[in-house]
Amino acid sequence: MSDVCIIGIGIHKFGRTDGVSGLDQGVVAVRAALADAGLEWPDIQFAYGGSDSAGNPDTMVERLGLTGIQFINVRNGCAAGGSALASAQMAIKSGEYEVGLAVGFDKHPRGAFNALPSEYNLPEWYGEAGYMVTTQFFAAKITRYMHEYGVTPTALGRVAEKAFINGAKADHAWRREPVALEEILGAPLVSDPYTKFMFCSPAEGGVALILASEKKARELGKPLIRLKAAAMRTRPPGSFEVFAPSIDIARGGTATRIASAAAFAQAGIGPEDIDVAQLQDTEAGAEIMHMAENGFCKDGEQEQWLAERRTHLDGTLPVNTDGGCLACGEPIGASGLRQVYENVVQLRGAGGARQVAGNPKTAYTHVYGAPGVSAVTILER
Amino acid sequence: MRPIADGLFTDETPPRLIGGKDRESGRIVFPCPPGERFAPHPLGRTGKVWSFTIQRFRPKSPPYHGPEAFVPYSIAYVELPGEVIVEARLAHIANEDVRVGMAVEFIQIPLDPDAADPVLIPAFKPLGVAA
């Protein structure tokens, strides 16, 4: 079967943009992607749009043009962008369409996400007693991981240090200043072992990707960036997810592990074949755990990888080359598509100061969210 | 003092947490979910800290009902051998002294001791330490 290709990319800067709605940030990204692809809005045959808290994506047709297009909204937690992309890929693979759009945007209030027990099928007392706090869960999760695999707080600090080094080189990032490792490690703790530099913040932003069949991409004379795999999965038994009053003693797999395995099977390659990766890093330890869950190293090897700077821009496997969620913040609907945007930039060799060495040919993205969802993509050129 | 919710604690002295046992698979969870699938199942009183963290900022209200004046506290996942790992507060221990693997026993503590009508929440304290 012929591949689905990404022929246009657009982004609205992440962070805080007062006075511009989340939806309008999405529209900015769509217009940029159209220009990048050399297409007009009426050329787009279908769209999938993801947003968690910034309104219904399909309403952007009012801004872009009432062409009667099929526009399906996706709401899938942190996997929204990945789910929009996976759906768009299938729409083209099915033969129904030749060219379409995956768009994601969001705009969250300042401060930690405010979750209520009823949204997660939990009793009210669980929230009253103070457990509906995502940072608390992530901290307890990494504490266990560090205990089992000998990962140190310094390794957590190194992930954040790298994120801010890379973010300083990415125009679309929010945090644009490097922070010294000592400052990261010595900063106030939010939830032990994480300091304030080790968590990302809810943010704003928009990303749009235009996809086309290989035939259409060739007709347009576009360089072929192939979407070799797009897989979305939910959790297996025994995983450890946010807002869990209890967990099983028998530990199981993770949504990430099965999404990753499915994506590698679709693409017909393995972790050792990937040249650059964007891995969900809502907190520093997430990047560490996800290095192993996605198959790039074994549990516990991250300590050495980070000490040897293997995931830096000039390392053997650059990870989160635009600073990831730690430097860009997390607008839920846009975050997964930002990773794919960044990978297209890297595969085109257009990364400028943050371009990874070695002329990358394969690129990997991974998102993970509550309550145990994950989406993975693999691009090849 | 009254429990923060019905069905969390047994009536005995000292009390225990009430989990739920899947009538088919035998899997134990906490708290006991409503419905017929799970039967109420009193949990063991002692276990080991499986993981933990320290909550260093006041959770948002709603939903949090704790005291306005915030003092950082420890929360843990405690493994009750052969049953389940439950999430609860730690009490009668300094935050910096908490370790994975330490032996703990179940107690109830008030969510806000200074409230007009304080409610009791699940907690664990180091095994053998006086409450």
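Because the model is predicted, local features need pLDDT of at least 70 and side-chain atom pairs count only at pLDDT 80 or more, whereas totals for chains, interfaces and linings use all residues. Residues are numbered from 1 along each chain as its sequence is written, and chains are lettered from A and ligands numbered from 1 in the order in which they are written.

**Contact between the chains**

- In the model, 29 residues of chain A are in contact with 31 residues of chain B, where contact means that the C-beta atoms of two residues, placed from the backbone, lie within 7 Å.
- On the side of chain A that touches chain B, the elements giving two or more residues are α4 (124–128), α5 (134–149), β5 (189–191) and β9 (246–247) of chain A; helices (H or I, at least four residues) and strands (E, at least two) are DSSP runs, numbered from the N terminus.
- The largest share of this side of chain A, six residues, is contributed by α5(A).
- Sorted by class, the side of chain A that touches chain B holds 17 nonpolar, eight polar and four charged residues, with Ala, Val, Leu, Ile, Met, Phe, Trp, Tyr, Cys and Pro counted as nonpolar, Asp, Glu, Lys and Arg as charged, and the others, Gly among them, as polar.
- Strand pairing also links the two chains, since β9(A) and strand β7 (residues 84–90) of chain B pair in the antiparallel sense over two bridges; two strands pair if DSSP finds at least two bridges between them.
- Within that pairing, S246(A) has V86(B) in β7(B) as its bridge partner.

**Chain B as a whole**

- Chain B contains zero helices and nine strands.
- The radius of gyration of chain B is 15 Å, close to the 14 Å that the globule rule gives for 131 residues, so chain B is as compact as a globular protein of that length; the radius is taken over C-alpha atoms, and the rule is 2.2 Å times the number of residues to the power 0.38.
- The C-alpha trace of chain B spans about 45 × 35 × 30 Å along its principal axes.
- Buried residues account for 38% of the 131 residues in chain B, a residue being buried if 20 or more other C-beta atoms lie within 10 Å of its own, exposed if 12 or fewer, and partly exposed in between, with C-beta atoms placed from the backbone.
- Of the contacts in chain B between residues at least 6 apart in sequence, 52% join residues at least 24 apart.

**Sheets**

- In chain B, three strands in the order β3-β2-β4 form an open sheet with antiparallel pairing, and its edge strands, each pairing on one side only, are β3 (28–29) and β4 (38–42) of chain B.
- Strand β2 (residues 18–22) of chain B is joined to β3(B) by two bridges in an antiparallel arrangement, with G20(B) opposite V29(B).
- In chain A, nine strands form an open sheet of mixed pairing in the order β3-β2-β4-β7-β1-β8-β12-β11-β10, with β3 (70–74) and β10 (276–279) of chain A as the edge strands.
- Strand β11 (residues 362–369) of chain A pairs with strand β12 (residues 373–380) of chain A in the antiparallel sense over eight bridges, and Y368(A) stands opposite S374(A) in β12(A).

**Nonpolar core**

- The largest nonpolar core has 158 residues, of which A102(A), A160(A), L209(A), I210(A), L211(A), A76(B) and V78(B) touch the most other members; such a core is a set of buried Ala, Val, Leu, Ile, Met, Phe, Trp, Tyr and Cys residues joined through C-beta atoms within 7 Å.
- Not counting residues up to four places away in sequence, V78(B) touches several residues, including W50(B), I85(B), V86(B) and F124(B).

**Backbone details**

- The peptide bond from A370(A) to P371(A) is cis, with omega near -10°, and P371(A) lies in the loop between β11 and β12 of chain A.
- A cis peptide bond also runs from F30(B) to P31(B), with omega near -10°, and P31(B) is found in the loop between β3 and β4 of chain B.
- F243(A), in the loop between β8 and β9 of chain A, has a positive phi of about 60° although it is not a glycine, and F243(A) counts as buried because it has 21 C-beta neighbours inside 10 Å.
- H92(B), in the loop between β7 and β8 (103–110) of chain B, likewise has a positive phi, near 60°, in a residue other than glycine, but H92(B) counts as partly exposed, with 14 C-beta neighbours inside 10 Å.
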